[in-house]
There are 4 protein chains.
Amino acid sequence: MSCRPLLVILALVAVAQNSPLAAETHRYIPKPDELKYTFATTAPVLRLKPGDVLETWTENALGDHLQQPGDTLPADFRPNPNTGPFFIEGAEPGDTLAVRLIKIEPAKDFAVGIAGPGFGALTQTPYTPMLDEPIPERTWFYRIDRRARTVEFAAGDSDFKIKLSLRPFLGCLAVAPAMAEARSTIVPEFFGGNMDTPEVRVGSTVYFPVNVPGALLYLGDGHAAQGEGEIAGTAAEVAMNVTLQVDVLKGWRISTPRLEDDTYLMAVGSYRPLEDAMRIASRELIAWLEADYGLSALDAYELLSVAMESNISQLVDPNYTVLVKIRKKYLPDPSSTTP
Amino acid sequence: MSCRPLLVILALVAVAQNSPLAAETHRYIPKPDELKYTFATTAPVLRLKPGDVLETWTENALGDHLQQPGDTLPADFRPNPNTGPFFIEGAEPGDTLAVRLIKIEPAKDFAVGIAGPGFGALTQTPYTPMLDEPIPERTWFYRIDRRARTVEFAAGDSDFKIKLSLRPFLGCLAVAPAMAEARSTIVPEFFGGNMDTPEVRVGSTVYFPVNVPGALLYLGDGHAAQGEGEIAGTAAEVAMNVTLQVDVLKGWRISTPRLEDDTYLMAVGSYRPLEDAMRIASRELIAWLEADYGLSALDAYELLSVAMESNISQLVDPNYTVLVKIRKKYLPDPSSTTP
Amino acid sequence: MSCRPLLVILALVAVAQNSPLAAETHRYIPKPDELKYTFATTAPVLRLKPGDVLETWTENALGDHLQQPGDTLPADFRPNPNTGPFFIEGAEPGDTLAVRLIKIEPAKDFAVGIAGPGFGALTQTPYTPMLDEPIPERTWFYRIDRRARTVEFAAGDSDFKIKLSLRPFLGCLAVAPAMAEARSTIVPEFFGGNMDTPEVRVGSTVYFPVNVPGALLYLGDGHAAQGEGEIAGTAAEVAMNVTLQVDVLKGWRISTPRLEDDTYLMAVGSYRPLEDAMRIASRELIAWLEADYGLSALDAYELLSVAMESNISQLVDPNYTVLVKIRKKYLPDPSSTTP
Amino acid sequence: MSCRPLLVILALVAVAQNSPLAAETHRYIPKPDELKYTFATTAPVLRLKPGDVLETWTENALGDHLQQPGDTLPADFRPNPNTGPFFIEGAEPGDTLAVRLIKIEPAKDFAVGIAGPGFGALTQTPYTPMLDEPIPERTWFYRIDRRARTVEFAAGDSDFKIKLSLRPFLGCLAVAPAMAEARSTIVPEFFGGNMDTPEVRVGSTVYFPVNVPGALLYLGDGHAAQGEGEIAGTAAEVAMNVTLQVDVLKGWRISTPRLEDDTYLMAVGSYRPLEDAMRIASRELIAWLEADYGLSALDAYELLSVAMESNISQLVDPNYTVLVKIRKKYLPDPSSTTP
């Protein structure tokens, strides 16, 4: 069976706008004790129907602990509180959940970054332990100007300040894992999770393999701006106001998150070593071109070899994340070539 | 000692245009038996002075063997014939060689791609051997339209054809390795080499650590277009007409290739696993910001964590290659902040 | 605070044999629906006190499905059913659980091995996907002779048969993971789990970091014999009758499983890439020598550099596993050098 | 064509002892300026015939610089001086060179180990750069007692001393690389080189793929004792007196070094990441069992999965090294099963 995501999206918008019964808009703001620290199969906080819109809020990945220079994280600090899970009616294992991102806006006018011992790409971690003396802990506060669409970096060791583009996205977007696993919200994997992929932004639709009934959607870890690699271990971390719309693609089977926007088809791989993350993402994009765009696997392999784009989303979480993408304008028309 | 690449480039252009003595333009077209298959410390084919311009030509990475469908590579085929080496006067170990890319234009109106057993990111190789049955060998011919600036991909298993943007660059650009090594021209490493980095294109200046007197510059492996990852193992391979200008930055010490264009500072890491290539590139970019832009190492780490861009240039050579980059507009003014 | 595992073991034996109140012997045979497929924080099947002995049974990792040539695994097959969890009284986060292995004996007179698509070190997997055609599925039956202590391998494509030494051990031995995670029983990590380390055998005591109250001990995946690497993805898989004794080392803090037998101190690292598993194991062994044997970190580093032994336990699970070890006779007397 | 190494070895001994013409014994002690720092295709220092015996000497990997506590390495220090190369008559690409190790004995009564910034498994290196503060440089002197067969480790930060077993071997044993490469003598790869594999000891025969006419044999980097992993970056380094015998196995084609002693068949893989080194070694051992022992590839895969042994020889050189081995007593009789 074949499925055409692009058309699905259009249908999804249509459904949301026109259908007399279908699309409802839900609003859910988590109380502190409703925040989640694992991606797991657990009781949902709300049930959504395909086509429904959700307005919600995500806490800062560092919680509310860092308000000004000098603040520190408490000893029992747990990162990446997530909002959810949301049960999507009709989603069953073997289906795909589509999440269209409509709004991701900072809920505060400052963001925070932190670097220090135990996390980050250029210091030893529990996963890559060494005998060296680790870097010291340091914090940076970013001023967000929502109207000017900027995030201001201020150096700690000099007077240098610079306004970066405000490019908000969600570091965490996930469904419940397969095999009855529960994973810390710092983990990205085949179920999505802490992918820290800047393309998880407004204008993108993110697809997830459904592992459990209802899919169980989670979101969190908003970033006002993040480099590809997130090498110090955090981005400009900030709470977010989020609006998204969900849909279920019955019987469209995928292995790892895929994304789509007006310009690109994308796939995300999260594993270690980083070359395996790249293999997972590339193999998934080939599978997509093969199933829905009528290319043979070898033709897709070659086309991506000359036209794919890639980035290393992050090199700091328990699994590493790679995103690959191909411009839609370089692909066959899905409706004409898919049998 | 500190050095300002941007100013150097301007000076370099100035020297080339105005100086009464300095800049000469050399022309060198290699004879077949002058092509090189190792990056090594060997007799140069030509000597250049800092500021000199070189007009030259590079052979197709697949040689001249694949002219039309059905052609195959000979049994004793050696990939990536390189042009050079060029001895740059005044370049000594501890210096940096700057190579400004002025022209890289396809010398033919078709390019070739090949996939098959033994190479590529998604098939077993001598470095990642398996017991699976490898993919079959396949060849694709690309039509280049230099006026329209397109490269046409034509599927082998369907009628699909698509014009991609012509984005010519050099897969190989290298100096002689350190420690008296000679490396196959399929290898990228700290000396540059077969980096397959699309940013090695017109408008970029590429910096190399000088390991031997004269640096010994090599170039080859022109690509009319290549995806980030080059996953099938080749790009759209074609001979190139190349014009470049060289300069020597005395005492400016770097560890792995850096690049610069109007928009970005960049660094390239080539090693395995891929996360180490990423660490090498990121660490080098931090070193650059620290030495020449007045940022502390931790401030540079954080700034890159929120603003760096990255790609996986290739996942198919004996070492893998990552490129990272930061927009110059996000950096301090080098002249005001460097002591 | 310092702790001397060797003395603890002796005490443990003493407690089990002499104490009027302490040591009880428990017997628990799981019913099929009591088998576990995740290492998780869940209701225990039994509570043990420090010093208690447990007599139990573990199911074959392949279940009971493969009884004779031609049998196949069902579509909804789940590997590595585990027995447990067992709640150990007094075990709290920050403590260490000690598990002394007294008996691990095959419960059947044959074992099974299986190779095929999707798992194994030399075929593509979901974690290292490729475009190659995977190996076919194949099964091998091993005859176990418990009296002669042999396991007979019989080739599938020739008449060759050979008796290997019977070396039974537990592929899985685990406590509940940290951070409220639940991990599939195919996963090894800092909590132990599917380490597939042949040293988890009679005569060894295995130490685990306690992550949750009661530690929650799991065991399963008995192997009649296994090569170091377990390259095809399974060993000679067989149900086991197991006797073990537990103890709690209050305040002895470790990061990843350690083992001890009459001859060796050992540490296990499970992660990807394999070099990180090796780093984790080596760093842990240094920490042990530093904390309990009075060596400085650098002296321990050097001593291990000239005297450590290592093996790759497995290269086939979601994380890879390395075991490192040092002969006790090469170490200072713990009682004299630890302050 | 098939070839039986075991028989070859016996023949080799026979030739050396009985043949009226064949076996000569050569003696070669390199002068300081004859030491080599690359494995390369270069002029040989001596020519040997198949069956010939060579008595020679190898310099300490650290040169002669460290004679007593307080000595330091010079700024222009180059590690791993090698002896050779030796041209073996009749060896052609596609053949295999066999090197039987007869004597490897320390030429001095002390050995040296060194740890410090830039090398070692648990400190940042140029290949795995970080921002952490590296460990300081430290040196250890080992007293060798050749009669008692011991090497004494003496801690630097306490009074602890311990006698380890003297287990001398060659860290470097190599042939010239393929593809006209020249590699630093710190590098292990398909041509052997700086494998740091303790099994390269007396009693072993080491097989190398011949890449150039004459094979060009190199040796060096003697270790009085080394742990599996060599985690601090050096072993107990000492000059060695070496006796070996060479032979050429015409048309026996191998891909990476193999070893054989009375008990085991072995294969060595050297690459990064470490899992690829393991794959290379395991795949090679399967190829050996398939070609010369009559097992199908899948039967060999399964047999190794239950009976292979492995170690991580080193995790500190530019490529990492794994050795795998299988007991000969577990294999078919090569003469009866090979067609």
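Is helix α2(D) mostly covered or mostly uncovered, and how many of its 20 residues are buried? The helix is mostly covered, with 17 of its 20 residues buried. Here a residue is buried if 20 or more other C-beta atoms, placed from the backbone, lie within 10 Å of its own, exposed if 12 or fewer, and partly exposed in between. The model is predicted: local features need pLDDT of at least 70, side-chain atom pairs count only at pLDDT 80 or more, and totals for chains, interfaces and linings use all residues. Residues are numbered from 1 along each chain as its sequence is written, while chains are lettered from A and ligands numbered from 1 in the order in which they are written.

Helix α2 of chain D spans residues 274-293. Its first and last C-alpha atoms are 28 Å apart, close to the 28 Å expected at 1.5 Å a residue (the expected span is 1.5 Å times one less than the number of residues). Helices (H or I, at least four residues) and strands (E, at least two) are DSSP runs, numbered from the N terminus. D:Gly294 follows α2(D) and has a positive phi, near 70°. The helix lies across β18, β19, β20 and β21 of chain D. It runs at about 145° to β19(D). Axes are lines fitted to C-alpha atoms, for helices over the stretch in contact, and angles run from 0 to 180 degrees between N-to-C directions.

In chain D, 9 strands form an open sheet with mixed pairing, in the order β1-β4-β17-β6-β15-β18-β19-β21-β20. Strands pair if DSSP finds at least two bridges between them. β1 and β20 of chain D stand at the edges with a single partner strand each, so one side of each is left without a neighbour in the sheet. Neighbouring strands are turned by 25° against each other on average, direction ignored. Within the sheet, β4(D) and β17(D) pair in the antiparallel sense over 6 bridges. D:Trp57 has D:Asn241 in β17(D) as its bridge partner.

Between chains, contact means C-beta atoms, placed from the backbone, within 7 Å. Chains A and B each give 57 residues to their contact. On the side of chain A, α3(A) gives the largest share, 9 residues. Chain A can be laid on chain B with an RMSD of 0.0 Å by a turn of 180° and a shift of 0.0 Å along the axis. Superposition is by least squares on the C-alpha atoms of residues with pLDDT of at least 70 in both copies. This is the relation of a two-fold axis. In chain A, the C-alpha of A:Asn311 is nearest the axis, 2.1 Å from it.

Key
Two residues are in contact if their C-beta atoms, placed from the backbone, lie within 7 Å.
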